[in-house]
Amino acid sequence: MHMADALVAPAVAGTMYVLSTGAATVSVKKVREENDPKKIPVMGVMGAFVFATQMLNFTIPGTGSSGHLCGGMMLSAMLGPYAGFLTMIGVLLVQCLLFADGGLLALGCNIWNMAFYGCFIGALLIWRPMMKKGASRVKIIAASIIGCVLTLQMGAFSVTLETLISGITELPFSVFVATMQPIHLAIGFVEGLITAAVLVFVYEARPELLWGIGESETVARKEAKLSLKNTIVVIAVLAALAGGIVSLFASAFPDGLEWSMEQVAGTAELEAEGGAYAVAEGIQEATSLLPDYAFKNSESAIGTSFSGIVGALVVVAILVGACYAFRFFKSKKSGVTAA
Amino acid sequence: MSKIEKNIRELNKLQNLQQRSHWMNDLHPLGKLLLSVIYIFITVSFGKYSLAPLIIMAIYPIFGFIIGELSIKEGLYRMRLILPLVVFVGIFNPFFDRQVMFYIGGSGGQTGIPVTEGIISMVTLMLKGFYSVLSAYILIATTSIDDICYALRILHVPKQIVIVIMLIYRYFGVMAAEADRITTAYKLRAPKQNGIHYKAWGTLVGQWLLRSMDRAEDVYESMLLRGFKGDFIMKKQKTRPIDIIYPLIWTIAFIVIRHVLIRFL
């Protein structure tokens, strides 16, 4: 998700630098107020740790592919949002200079997209409220997955906005968003699982190292434990429900591209004449399960809601299928090479 | 070679470049840092169809790589991380922006090959990406992280951030070597696996995390024993005339290309 210098206009880069500097100033002030001299070396070593961990690949169960940790949420859970944010700034700057991952001008954007959401939204709005009455395995797993998914979605959306406002691409907003968000949904989920696994281990071994855990932490620890598998199932069900509920509120107004077409042509759906068009339209009508995101010949909200769930399932099915196909061809290729 | 080994090797190469004896390495870090930022700022400020003046902006990376005796192959290799997003964003421009700008070739009534605005904007986007990565490489190949941190302190970047950057850089090598050992040990125990199995995520990385936290305590105690009082003491570098003239000449050249030369192209 690192943005390159070429993708941002100077005005956008400047604005994001100002915003990121504001967040950094608050963080520096808060870290100073904490007056804990030990924290600075811990931040440095933790930053180096996150940087090195990003080079470890983790197998994604059932897919054959692998992912890696980003670290914003984990840093906040260990160091708190302010120290975590400053550490992420360090990680991003070193990444940008040493490995050209990101750019000097786009650093403000990258800090905002990856460090701000992960550390402030993730820690202050998700981690802390969930841990207020004490931590437990289930809470840590849920907070990690929700935090990583949500903050990565926000980051990906910001990348889209910053690139489009910069005016360097002709890609329509809807196409750009439709490409960026689902990819980062999968990435966020995997990062959430890895973060959860690490934080649960720390919680079991040395809970005092975790930030924001309430006084009643030891009492909460005795709570009935829910296995990782069950928790993932619960979160998957919640995600499916959320998909269904959120789609009920999907805007009935035309999207950016449709709006533009309506302005230019006077209609959102262009009419095309000719034999080929008629044949293609017939095939499309016959094969589309949920035309215009609802049941055929239905105006009900349930249809819209169902299409949200079906859409999410189709995306997951395609993703799993693609992963298996990738694994199949990869193993075939390696088999040929070995032979 | 694993990803970690590649990164460690890349880091070692950079450190060797930073420590070599070359006049560009001896320039004041603040001037080099500001020059890089100004160059990238002016480069990305060109309009998406301003291809001709943008081509002239190549003079800075060309100068830096030839005079600075840097490997262009190494510089281009650094594009690998940002290239996918840049390509994804730019590749659609020719499909959405089909307004013909000019024709290549064509004679005797034939119009030649049309070049659309979308193609031009895609090429300028790629060039901006290349230039910014190459100029950042020139900076980091001729300036150590300690010197960049020194320049950041002159620019009044808070010492907390600067110290964290220095520590991350110093301990990254140690951590990367440890990550490499962990990966090698894991591969020997679990051959033919693509990455670390999910059942080992928590214990493997968790143990490493706890060891790192303990190491941070040791680092802090060592720093205290060596007289650390909340800030690193950096040797003040003297400013020579060339430290001002070099970035100033380049900045004037960039402004001339951006505001004067652009009218004639």
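Modeller: A residue is buried if 20 or more other C-beta atoms lie within 10 Å of its own, exposed if 12 or fewer, and partly exposed in between, with C-beta atoms placed from the backbone. This is a predicted model, in which local features need pLDDT of at least 70, side-chain atom pairs count only at pLDDT 80 or more, and totals for chains, interfaces and linings use all residues. Residues are numbered from 1 along each chain as its sequence is written, while chains are lettered from A and ligands numbered from 1 in the order in which they are written.

Biologist: Does A:Glu208 count as buried or exposed?

Modeller: A:Glu208 lies in the loop between helix 7 and helix 8 (217-221) of chain A; helices (H or I, at least four residues) and strands (E, at least two) are DSSP runs, numbered from the N terminus. Because A:Glu208 has 8 C-beta neighbours inside 10 Å, its class is exposed.

Biologist: What separates the C-alpha atoms of A:Glu208 and A:Ala143?

Modeller: Along the chain, these two residues are 65 residues apart.

Biologist: How many residues of helix 3 of chain A are buried?

Modeller: Helix 3 covers residues 72-79 of chain A and is mostly covered. Its buried residues include A:Gly72, A:Met74 and A:Leu79. Helix 2, helix 4, helix 5 (107-131), helix 6 (137-166) and helix 7 of chain A are among what covers them. The count of buried residues in helix 3 of chain A is eight of eight.

Biologist: Which residue just after helix 3 of chain A takes a positive phi?

Modeller: The phi in question is about 95 degrees, and it falls just after helix 3 of chain A. The residue is A:Gly80.

Biologist: Which helix gives the most to the side of chain A that touches chain B?

Modeller: Two residues are in contact if their C-beta atoms, placed from the backbone, lie within 7 Å. The contact takes 63 residues from chain A and 70 residues from chain B. Among the elements of chain A giving two or more residues to it are helix 1 (10-34), helix 4 (81-99) and helix 7 (173-205). The greatest contribution, 13 residues, comes from helix 2 of chain A.

Biologist: How many residues on the side of chain A that touches chain B are nonpolar?

Modeller: Ala, Val, Leu, Ile, Met, Phe, Trp, Tyr, Cys and Pro count as nonpolar, Asp, Glu, Lys and Arg as charged, and the others, Gly among them, as polar. On this side of chain A, 13 residues are polar and five charged. The nonpolar residues number 45.

Biologist: Why is helix 2 of chain A largely enclosed by the rest of the structure?

Modeller: Helix 2 of chain A has 15 residues and reaches 20 Å from its first C-alpha to its last. It is largely enclosed because its buried residues number 15 of 15.

Biologist: In chain B, where is confidence highest?

Modeller: Confidence is given by pLDDT, the predictor's confidence in each residue, from 0 to 100. Chain B averages a pLDDT of 87, and 98% of the residues score at least 70. The lowest mean in chain B, 82, belongs to strand 1 (residues 100-104). The highest, at 95, belongs to helix 3 (residues 29-45) of chain B.

Biologist: What percentage of the residues in chain B are buried?

Modeller: Chain B comes to 13 helices and two strands, and its C-alpha trace spans about 80 × 55 × 30 Å along its principal axes. Of its 265 residues, the buried share is 33%.

Technical notes. The expected span of a helix is 1.5 Å times one less than its number of residues.
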